[in-house]
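Subject: Structure handover

Hello,

Here is the structure I promised to pass on. Please open it alongside this message.

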Amino acid sequence: MNRIQMLTVPSVTRIFADRERLNPETEGSAFRNEVYKFQIAVLSAEEDLSGLTLSFGGALKPYLTYCPVADIPATLDNNERLDDYVERAKDGMYPELCAEEKEFSLSAGKLRGVLVIVQGELPAGRHKITVFLQKGKELLAKTSYMLTVIDRELPETDLMITNWMHYDSIAEQHGVAVFSEEFYRIFDRYLRAYVGMGNNMLLIPTVTPALDTEIGSERLTAQLVKISKDGDTYAFDFSELDRFLAFITERGIRYFEFAHLFSQWGAKCCPKIMVSQNGEEKNLFGWNVASDSAEYRAFLTQYLTALTDHIYENGWQDRSVMHLSDEPNEDSIDLYEAHYKFVKPLIRGIRTMDALSHVDFSLRGVVDLPVPITVTAPDFVSRDIPHLAYYCCGPENGYYSNRFFVMPGERTRVIGVQLYKNRAGGFLQWGYNFYRTQLSRATVDPYAETSAGGAFLSGDAFIVYPDRERGGVEKSFRYYLMQDAFQDYRALKLLEEVAGRQTAENLLSDFGVFGYNVYPHSPLLLRALREAINRAVADNI
């Protein structure tokens with residue numbers, strides 16, 4: 001008789017095959033519209049098993065699905081810059097890929113994690129969930145979990161949340177032309193997963209985004225605005241842009257961030273811009289054209305005037321932001337200021353937004369919505385400067401939150417309460433689906449190469465995987481951690497609504513959440529914090 005053990009554990013726990021200690025979790029609470037998760041740790045002590053499935057019993061059965069968590073290789077994780085709050089500071093296999101409703105297998109003596117997801121308009125009350133492990137019709141084991149559904153709904157977030165979509169990666173991984181009918185069919189699935197994670201702002205490729213491109217090279221064209229030139233006059237066709245914006249709005253995108261007008265890391269050059277002239281389409285602007293050249297400024301004057309007119313005609317102005325340059329450094333502040341002063345009158349009140357970490361940009365008044373990295377965000381917090389926050393490639397140490405494979409789940413999830421504590425206006429991360437090496441020198445198979453060719457810690461460049469077989473995406477373990485992080489934020493906003501901001505602030509302080517790198521280093525304490533938030537809401541309704 002095979003001996004099978006099943007244990008319910010927190011959703012933040014990475015269940016490694018050889019994990020020696022697991023903290024059990026037998027109950028939790030959620031709001032009616034929350035996507036709630038817990039995990040099943042399964043161990044077959046004596047034999048390998050395949051063709052396994054889960055089924056459920058109880059009143060919540062119609063709302064339950066599951067995802068077996070499969071291992072994916074992590075690389076470049078043996079990094080001396082890491083602090084000591086990591087799972088395993090080394091290369092290896094990490095529980096990562098969540099394949100929905102698939103059969104799974106167990107290897108004798110090795111743990112396997114299965115994420116259980118509770119989703120829908122949940123009925124209020126205290127519900128017992130029974131979980132059955134089966135092989136065909138044969139029952140192998142069962143366990144249970146108690147979920148209390150509180151009779152309130154989480155409010156819609158007031159954050160701007162963006163995780164940059166890479167349109168060329170969709171086309172390359174699925175073998176389709178950018179913005180073709182087949183592209184839109186696949187993009188639909190990327191976008192629904194994107195919104196499901198909590199994102200509500202999307203990078204709009206009006207022109208091919210000037211991101212992660214080696215100097216002198218170019219990425220696959222992803223340009224929505226069709227541009228033609230006759231003499232010194234440019235004409236702009238926004239029909240494909242309109243289709244794109246209607247498509248994403250229907251699927252839940254609230255904010256548009258229009259592609260960067262200048263090159264990354266200093267704004268010295270132009271982005272790739274395809275223009276039709278004399279019947280020939282060519283890259284008229286790029287690395288070979290200075291960003292402050294008379295030629296480019298003449299183009300920008302006409303382009304931004306036309307684009308801004310179009311935005312206002314459609315009533316998008318309050319939903320839109322304009323990017324200038326990604327991550328400009330201190331040495332480029334004068335050039336960046338010159339660009340801001342040139343662009344700002346042309347976009348007539350539309351806000352600019354950029355990832356930049358030096359507070360001097362804000363002190364000089366040359367950015368409307370700064371997005372500092374979490375390490376320098378306190379410089380903006382202390383000066384009461386409205387801002388979003390981001391992380392990108394780092395921070396790797398100092399106990400800051402990030403979404404690397406090596407980091408414990410609670411370290412990734414804690415960003416949600418940190419955004420609330422620091423009054424951030426939103427969150428940005430650069431890699432929703434960057435399936436390329438650093439500087440886009442080559443494409444990668446993300447199931448085998450997770451560090452952009454050894455450039456970044458695994459987990460930085462993407463958070464979903466291309467499902468080439470079905471033309472869509474597969475979600476990662478980290479995807480669900482980020483989804484929970486943004487739900488934690490909304491739960492704090494609900495507590496603020498029913499009991500006041502100070503009550504929420506006091507609760508965070510009681511649990512040791514301060515700034516962006518002081519928080520409880522424990523999955524149990526983070527879960528206890530969320531349960532305390534839920535109880536406080538329930539006590540005030």
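First, the ground rules. This is a predicted model, in which local features need pLDDT of at least 70, side-chain atom pairs count only at pLDDT 80 or more, and totals for chains, interfaces and linings use all residues. Residues are numbered from 1 along each chain as its sequence is written, and side-chain values use heavy atoms, with hydrogens and water left out.

Helices (H or I, at least four residues) and strands (E, at least two) are DSSP runs, numbered from the N terminus. Two strands pair if DSSP finds at least two bridges between them.

The mixed sheet

Start with an open sheet of five strands. Its order is β2-β10-β9-β4-β7, and its pairing is mixed. The edges are β2 (27-31) and β7 (104-106); each has a single partner strand, so one side of each lacks a neighbour in the sheet. From one strand to the next, the twist averages 40°. Axes here are lines fitted to C-alpha atoms, for helices over the stretch in contact, and angles run from 0 to 180 degrees between N-to-C directions.

Inside this sheet, β4 (residues 49-57) pairs with β9 (residues 125-135) in the antiparallel sense over six bridges. L54 has L133 in β9 as its bridge partner. Next, β9 pairs with β10 (residues 138-150), also antiparallel, over 11 bridges. There, T130 is bridged to S144 in β10, and Q134 stands opposite L139 in β10. β9 and β10 form a hairpin with two residues between them. In its turn, G136 has a positive phi of about 65°.

A helix covers part of this sheet. α12 (residues 523-539) lies across β2 and β10 and runs at about 50° to β2. Contact means heavy atoms within 4.5 Å.

An aromatic pair

The whole structure holds 41 aromatic pairs. Rings of Phe, Tyr and Trp (its six-membered ring) pair if their centres lie within 6.5 Å; planes under 30 degrees apart count as stacked, over 60 as edge-to-face and the rest as tilted.

The parallel sheet

Another open sheet of five strands has parallel pairing and the order β12-β15-β18-β19-β20. β12 (201-204) and β20 (369-371) are at the edges with a single partner strand each, so one side of each is left without a neighbour in the sheet. Its twist averages 30° from one strand to the next.

β18 (residues 320-322) and β19 (residues 351-355) pair in the parallel sense over two bridges. M322 has T352 in β19 as its bridge partner. Helix α5 lies across both β18 and β19, running at about 145° to β19.

The helix pair

α5 (residues 333-347) also meets α4 (residues 294-313). Their axes come within 8 Å and cross at roughly 40°. Residues of α4 in the contact include R297, L300 and Y312, and those of α5 include A338, F342 and I347.

A second hairpin

β23 (residues 464-467) and β24 (residues 472-476) pair in the antiparallel sense over four bridges. D467 stands opposite G472 in β24. Four residues lie between the two strands of this hairpin, and G471 in the turn has a positive phi of about 70°.

Best wishes
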